[in-house]
Amino acid sequence: MTEFVSVVRGVGGHLPSKVLTNDDLAKMVDTTDDWIAARTGIRKRHIAADGETTSDLGAIAARKALDAAGLTPDDIDLIVVATATPDYTFPSTATIIQQKLGITRGAGFDLQAVCSGFVFAIATADNFLVRGQFERALVIGAETFSRILDWSDRSTCVLFGDGAGAVVLERQPKSQAGDRGVKGIHLRTDGRFRDLLYVDGGPSTTQTVGHLRMVGNQVFKHAVGKISES
């Protein structure tokens with residue numbers, strides 16, 4: 001029986017043109033370039049322009065990944081988009097990107113796992129491909145986090161920006177792929193720590209979009225521990 005693996009054929013990314021520096025933020029909240037850089041290493045972040053959506057960023061990143069792979073949109077039959085900031089509650093951002101790319105076959109859907117979203121999306125696409133349900137997938141991570149930030153909260157607004165990355169995954173026989181391909185997957189969540197990083201709004205709770213809230217030192221502590229365990 002032929003074994004299959006998911007191989008990366010192309011990679012692409014895109015950032016909005018607008019840049020927000022640490023010095024810019026120092027004019028908005030009580031912070032400094034030195035304070036931010038010393039604690040995060042961040043000097044600047046990119047911010048989506050008015051009217052520039054998550055699907056806009058994702059579609060451009062996807063086109064770059066397709067170009068890098070030497071493929072066209074017609075070669076894709078699955079789109080998985082990892083995002084916590086979709087264009088709409090529904091339809092999925094994946095279907096909007098599908099339309100922007102001119103793809104009319106296959107399937108597309110969103111996956112929401114926040115910071116781990118791209119890892120979950122790769123794992124999901126890999127399972128579809130290896131099982132033979134699709135041949136080539138666009139896996140896209142795209143966010144416009146600037147839309148859910150509280151710009152008066154210096155503990156969060158300095159950390160996040162907007163952008164997108166994409167890869168083309170292709171199903172190949174293991175004998176053909178050689179040492180390439182997704183080697184293994186380990187996923188883990190623990191809902192007990194929900195209050196450490198969350199958005200304080202949603203359709204079912206407040207009927208608002210809400211803002212990002214975080215207990216930064218605790219998020220760092222748990223992230224380091226759990227990633228090391230994994």
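How many salt bridges does a search of the whole structure find? In this predicted model, the search turns up ten.

One of them pairs R9 with E170, with the closest N and O atoms 2.6 Å apart. This one links distant parts of the chain: R9 sits in strand β1 and E170 in strand β7 (residues 162-173), 161 residues apart. D33 is buried, with a relative accessible area of 19%, just under the 20% cut-off; R43, at 49%, is partly exposed. R192 and D190 make another bridge, again with 2.6 Å between the closest N and O atoms. R192 counts as exposed at 69% relative accessibility, and D190 as partly exposed at 25%. Shared partners also join R9, R136 and E170 into one salt-bridge network.

Back in strand β1 (residues 4-14), V5 counts as buried, at 10% relative accessibility. Beyond its sequence neighbours within four places, V5 touches a set of residues including V130, E170, K174 and R180. V5 and R180 are 175 residues apart in sequence, yet their C-alpha atoms lie 8.2 Å apart.

As for the surface, V119, I185 and L187 make a nonpolar patch of about 240 Å². Of these, I185 is found in the loop between α7 (174-177) and β8 (197-199) and counts as partly exposed at 41% relative accessibility.

Terms used: Residues are numbered from 1 along each chain as its sequence is written. This is a predicted model: local features need pLDDT of at least 70, side-chain atom pairs count only at pLDDT 80 or more; totals for chains, interfaces and linings use all residues. Side-chain values use heavy atoms; hydrogens and water are left out. Helices (H or I, at least four residues) and strands (E, at least two) are DSSP runs, numbered from the N terminus. Buried means under 20% relative accessible area, exposed over 50%, partly exposed in between (1.4 Å probe, protein chains only). Contact means heavy atoms within 4.5 Å. Patches are made of residues with over 30% relative accessible area and no salt bridge: like charges are joined within 9 Å, nonpolar side chains (Val, Leu, Ile, Met, Phe, Trp, Tyr) within 5 Å. Accessible areas come from the Shrake-Rupley method with a 1.4 Å probe; for residues, only the protein chains shown count as cover. A salt bridge is a side-chain nitrogen of Lys or Arg within 4 Å of a carboxyl oxygen of Asp or Glu.
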